Amino acid sequence: MDHLQRLQKFRAASSFLGELWPEADQPSSWKGVKLNESGQMTVLKLQGGLTEPCLIPELPSELGQLNGLNTMELSWCKKLRSLPATIGQLSALTTLSCTSCFFLEAVPPEIGQLNSLSTLDLTNC
């Protein structure tokens with residue numbers, strides 16, 4: 001499966017992401033997404049704020065297929081309660097920030113498989 005197919009599958013697995021990133025748009029124009037030269041998603045930022053929180057209820061398990069992802073920032077994701085176990089497949093992930101995700105109940109034990117992870121921020125969770 002090529003990088004574009006993985007990105008489209010990830011987007012399609014969540015109605016929230018489907019609304020945030022319209023199907024007609026190219027992944028390179030998706031808000032909060034950065035791609036490398038080969039088309040792999042390297043940065044995923046789903047961020048809200050005090051007046052306009054991010055309302056994603058969950059991240060799809062297809063997250064684990066984004067093997068080029070090195071930075072994931074989730075802030076003010078007011079409805080996010082958990083992270084998928086497939087997060088453990090993100091071998092390139094160096095930074096995971098879940099600041100002010102007040103209802104995040106726990107991180108899955110698979111987070112221990114992230115050997116490249118150097119920054120984990122769970123402030124106000």
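Student: Why is Ser-97 called buried?

Tutor: Ser-97 has a relative accessible area of 14%. Buried means under 20% relative accessible area, exposed over 50%, and partly exposed in between (1.4 Å probe, protein chains only). Ser-97 therefore counts as buried. This is a predicted model, in which local features need pLDDT of at least 70 and side-chain atom pairs count only at pLDDT 80 or more, while totals for chains, interfaces and linings use all residues. Residues are numbered from 1 along each chain as its sequence is written, and side-chain values use heavy atoms, with hydrogens and water left out.

Student: Where does Ser-97 lie, and which residues is Ser-97 in contact with?

Tutor: Ser-97 is in strand β4, residues 95–97; strands (E, at least two residues) and helices (H or I, at least four) are DSSP runs, numbered from the N terminus. Contact means heavy atoms within 4.5 Å. Apart from neighbours within four places in sequence, Ser-97 is in contact with Met-72, Glu-73, Leu-74 and Asp-121.

Student: How many disulfides are there?

Tutor: The count is 0. For Cys-77, the nearest cysteine sulfur is that of Cys-54, 3.3 Å away. A disulfide is a pair of cysteine sulfur atoms within 2.5 Å, so Cys-77 is in no disulfide.

Student: Are Cys-77 and Cys-125 buried, exposed or partly exposed?

Tutor: Cys-77 has 0% relative accessibility and therefore counts as buried. Cys-125 has a relative accessible area of 39%, so Cys-125 is partly exposed.

Student: How many aromatic pairs does a search of the whole structure find?

Tutor: The search finds 3. One of them is Phe-10 with Trp-21, at 6.3 Å centre to centre and 45 degrees between the planes. Rings of Phe, Tyr and Trp (its six-membered ring) pair if their centres lie within 6.5 Å; planes under 30 degrees apart count as stacked, over 60 as edge-to-face and the rest as tilted. The pair of Phe-10 and Trp-21 is therefore tilted.

Student: What does that pair tie together?

Tutor: Phe-10 lies in helix α1 (residues 3–12) and Trp-21 in the loop between α2 and β1 (33–35), so the pair ties together parts that are 11 residues apart in sequence.

Student: Why is the pair of Trp-21 and Trp-30 called stacked?

Tutor: Their ring centres are 4.6 Å apart and their planes are at 5 degrees, so the pair is stacked. Ring pairs link Phe-10, Trp-21 and Trp-30 into a cluster.
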